[in-house]
Amino acid sequence: SDPNFGALIPGGDLMAEDTTGNSVKLISYGMIGVEIKDNNGNPLQLGPGIKANIQLPIASAQLSIAPATIPLWYFDETKTLWIEEGIATKQGNNYVGQVGHFSWWNCDQPTPAATISGYVYDNYGNPIVNATIYYNNVAGTITDQTGFYSGQVNSGLTASIYATFIGNNSPLLNIPSLSAGQLYNVPDIIINGNSLGRFKANFVNCNNQPANTYVKFSGTTSNSFIYAPNGIVNTIIQCGAQTIIAFTSNSHFDSTFIQPCLPDSIDLGTVSICTPNAINVQFFSFNMSFNNINYNYYDDYYVTANYQPQGNAIYINSETINPSETAYLTIADFFTYAPGTYTISNAQNGTILLDHWGNGFNYTAFKDPTNSQPSLTLTILQSGISGDTLEFTLQGNVNVMENGSGLIYTGTINSMHLKCLNF
């Protein structure tokens with residue numbers, strides 16, 4: 001019943017594989033995630049042949065239509081699909097069934113999939129990139145550089161669809177009941193662009209070559225974040241006062257400007273992202289990947305850091321002007337600021353905790369003490385007395401918990417970079 005249901009669950013598109021190997025689309029009637037550990041944090045599973053009973057409440061709006069029996073499905077993190085296994089029976093207001101292993105389980109009615117596709121434009125005819133498509137209030141696919149989207153949906157159901165971009169929603173469009181395998185071309189979805197403007201730029205590196213670039217725009221009422229392959233940016237953002245922060249692998253650039261509203265646009269032309277030309281800012285950035293999901297975060301921060309000798313730990317707290325957006329980094333049982341490269345697992349009981357909260361992106365990354373994979377590597381580039389810059393990188397394998405859902409993924413911190421002007 002949560003309006004953000006699709007964003008809170010694994011396999012949010014509810015694509016599945018039934019017992020015959022066919023691809024189907026699910027309608028959920030209840031879901032549970034089970035993770036059980038011993039006192040040392042080791043994951044536990046049921047023994048061979050042992051079953052566990054699960055009981056899932058049925059949402060009140062679904063009670064009258066919930067079938068007497070319904071297939072059970074578990075989420076396969078390798079296939080990123082729901083897999084059919086078992087049956088649940090309706091008992092009062094609940095579904096009750098038996099499962100042979102602990103994971104995410106779902107009571108779902110399968111339907112053959114149909115496909116919808118279409119385009120999202122603003123009211124001036126410009127394609128909108130990175131608009132999110134909502135199908136029956138479940139977030140689904142994202143539009144590409146041409147404003148195009150395509151995704152699989154349930155057949156046999158009437159539905160509604162709309163798109164949202166930087167807080168601007170399109171009107172609802174009704175989707176008729178589709179037959180299995182049908183391709184339905186949705187009429188163009190139009191988002192009112194009166195508060196939007198078009199931004200163009202071409203980012204290059206110190207050698208004047210195209211540079212893969214992460215770009216964040218911070219407006220007065222909303223933020224947007226895009227990845228620009230080859231540094232070419234041609235996108236719709238909020239009009240009015242804007243701050244832009246652009247990052248390559250080792251350089252950054254920031255500036256402020258006034259974005260005109262549509263149909264006008266602003267073109268910065270060729271912009272060099274080169275450290276000697278970059279404005280020195282306090283910033284915090286990291287890139288993580290897990291379960292085929294890439295998570296990137298870059299931001300300007302007012303950064304403070306302090307050393308806690310009582311806990312033998314590096315503890316860094318970073319906070320934006322907006323107090324709801326913070327990041328915390330703790331490296332326990334590791335307490336040097338001396339430049340060098342260190343293997344975190346070599347420190348006694350060495351652990352790292354990276355916790356980022358803000359703007360809807362809430363993840364905690366931590367080293368799994370039971371993980372035998374290569375350990376985390378910390379490289380301190382420079383440090384000094386209070387007021388100097390603490391600069392370091394961190395790489396290695398971690399577990400990542402999606403705060404809110406409690407989902408835990410095995411992943412990698414591909415890069416992490418923190419400049420701290422006061423510590």
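This is a predicted model: local features need pLDDT of at least 70, side-chain atom pairs count only at pLDDT 80 or more; totals for chains, interfaces and linings use all residues.
Is Asn 208 buried or exposed?

Residues are numbered from 1 along each chain as its sequence is written, and side-chain values use heavy atoms, with hydrogens and water left out.

Back to Asn 208. With 54% relative accessibility, Asn 208 counts as exposed. In this talk, buried means under 20% relative accessible area, exposed means over 50%, and partly exposed is in between, using a 1.4 Å probe and protein chains only. Asn 208 sits in the loop between strand 18 (196–204) and strand 19 (213–219). Its phi is near 60 degrees, which is a positive value in a residue other than glycine. Along the chain, Asn 208 and Ser 272 are 64 residues apart, yet their C-alpha atoms are separated by 6.9 Å.

Asn 130 also has a positive phi, about 70 degrees, although it is not a glycine. You will find Asn 130 in the loop between strand 9 (104–122) and strand 10 (132–135). Asn 130 counts as partly exposed because its relative accessibility is 34%.

Now let's step back to the whole protein. It has one helix and 35 strands. Those come from DSSP runs, numbered from the N terminus: helices are H or I with at least four residues, and strands are E with at least two. Of the 423 residues, 46% count as buried. The protein exposes about 20000 Å², and carbon and sulfur atoms supply 50% of that; these areas come from the Shrake-Rupley method with a 1.4 Å probe, and for residues only the protein chains shown count as cover. If we take contacts between residues at least 6 apart in sequence, 59% of them join residues at least 24 apart, where contact means heavy atoms within 4.5 Å.

Two strands pair if DSSP finds at least two bridges between them. Strand 18 and strand 24 pair in the parallel sense over six bridges. Look across to strand 24 from Lys 200, and the residue standing opposite is Asp 267.

How many disulfides does the structure hold? It holds one, and a disulfide is a pair of cysteine sulfur atoms within 2.5 Å. In case the word is new, a disulfide is a covalent bond between the sulfur atoms of two cysteines. Here the partners are Cys 239 and Cys 261, with 2.1 Å from S to S. Cys 239 is in the loop between strand 21 (232–238) and strand 22 (240–247), while Cys 261 is in the loop between strand 23 (252–259) and strand 24 (265–272), so the bond ties together parts that are 22 residues apart in sequence. The torsion about their S-S bond is about 70 degrees, so the disulfide is right-handed. Cys 239 counts as buried at 13% relative accessibility, whereas Cys 261 counts as partly exposed at 32%. In the loop between strand 23 and strand 24 you will also find Pro 263. A cis peptide bond, with omega of about 10 degrees, joins Leu 262 to Pro 263.

Last stop: aromatic rings. Rings of Phe, Tyr and Trp (its six-membered ring) pair if their centres lie within 6.5 Å; planes under 30 degrees apart count as stacked, over 60 as edge-to-face, and the rest as tilted. The count comes to seven aromatic pairs. One of them is Phe 199 with Phe 217, an edge-to-face pair at 5.0 Å centre to centre, with 70 degrees between the planes. Phe 199 lies in strand 18 and Phe 217 in strand 19, so this pair ties together parts 18 residues apart in sequence. Phe 199 and Phe 217 are both buried. Ring pairs also link Tyr 119, Tyr 121 and Phe 148 into a cluster.
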